[in-house]
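Hello,

Here is the structure I promised to pass on to you. Have a look at it first, and then read my notes below.

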Amino acid sequence: MKKLTTTLVLGLCMVGTAGAQTDLQSVTTANYYGIDFSHTKVFGASETDTQFRNAFTNINILVIEEGKKYNLANAFGKNFPIQNFETANSRVILNQDLRTSDKTYRIGDDQLGEILSAYGGNDQGVGLLIICQLLNKQDNQGVWKVVLFDIPTKEIIYTKDVSGKAGGFGLRNFWAGSLYQVLKKWKY
């Protein structure tokens, strides 16, 4: 598996998961698996499902190709090798119904468990995954979930819902702009 290296930033914070406290400062490295679009819903947009699926695959590529702009190192804070995005990109086609009439849509815990089960294979340690939940064209806003998880057990170490204002020319850049805004203003 081809690995690229980047640095992602995680601030200082204590969070509770399943009754326990996890010190994010103790996470020194994690495997970054890209952006999962398998449960993404779209509200109020006129583009076709095929156009969205192509844009989703290309957003994962964009984060690598334009690493200076989508600077994960400045956003999160520690060394996380970037893994092959084959899993994330193969899961784009899983969502058969992209449209929703609910602009408050968020993925549920059962969906989160299913998503995480697809990542990591035989890897060890901690994984980092960004999940796209909702692309709301009416409000020009993308809603994302950032998840750190123990790869072998799939236990969640940290999760946070974040949103950013979308903007840019073309479908890919418009929604990637939302992720860019999230990375720019990231706080734990």
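A contact here means heavy atoms within 4.5 Å. With that in mind, among contacts in the protein chain between residues at least 6 apart in sequence, 73% join residues at least 24 apart.

Please keep in mind that this is a predicted model. The protein chain has an average pLDDT of 81, and 80% of the residues score at least 70. Residues 1–21 need some care: pLDDT stays under 50 there, and the model has 66 contacts beyond four places in sequence for this stretch.

Now for the overall layout. The protein chain contains five helices and nine strands, and along the sequence they follow the pattern β-β-β-β-β-α-α-β-α-α-β-β-β-α. Of the 188 residues in the protein chain, 48% are buried.

S8 pairs with S9 (residues 156–165) in the antiparallel sense, over nine bridges. One of the residue pairs to look for is Gln141 with its bridge partner in S9, Lys165.

Next, look at Ile130, which belongs to strand S7 (residues 126–136). Is Ile130 buried or exposed? Its relative accessible area is 2%, and under 20% counts as buried, so Ile130 is buried. Leaving aside residues up to four places away in sequence, Ile130 touches Tyr32, Gly34, Ile35, Asp36, Trp144, Lys145, Val146 and Leu179. For one of these, Val146, the C-alpha atom is 4.6 Å from that of Ile130, although the two residues are 16 apart along the chain.

Tyr33 sits in strand S4 (residues 31–36) and Phe149 in strand S8 (residues 141–150), so the pair links distant parts of the chain, 116 residues apart. Both Tyr33 and Phe149 are buried.

Phe52 and Phe56 form another tilted pair, with ring centres 5.9 Å apart and planes at 45°. These two residues lie four apart in helix H1 (residues 49–65), about one turn of the helix. Phe52 is buried, with a relative accessible area of 1%, and Phe56 is buried with a relative accessible area of 1%. Ring pairs also join Phe52 and Phe56 with Phe37 and Trp144 in a cluster.

Finally, turn to helix H5 (residues 171–184). Its 14 residues reach 20 Å from the first C-alpha to the last, close to the 20 Å expected at 1.5 Å a residue. The buried residues in H5 are Leu171, Phe174, Trp175, Ala176, Gly177, Ser178, Leu179, Val182 and Leu183. Lys137 lies over the face of Phe174, 4.2 Å from the ring centre. There is also a charge over the ring of Tyr180: the charged end of Lys69 sits 5.2 Å from the centre of that ring.

Enjoy exploring it!

Best wishes

Notes:
Residues numbered from 1 in each chain as written. Predicted model: local features only at pLDDT ≥ 70, side-chain atom pairs only at ≥ 80, totals over all residues. Heavy atoms only, no water. Buried < 20%, exposed > 50% of the residue type's maximum accessible area, 1.4 Å probe, protein only. Phe/Tyr/Trp six-rings, centres within 6.5 Å; stacked < 30°, edge-to-face > 60°. Lys NZ or Arg CZ within 6 Å of the ring centre and 35° of its normal. pLDDT = per-residue confidence, 0-100. Expected span 1.5 Å × (residues − 1). Pairing = 2+ DSSP bridges.
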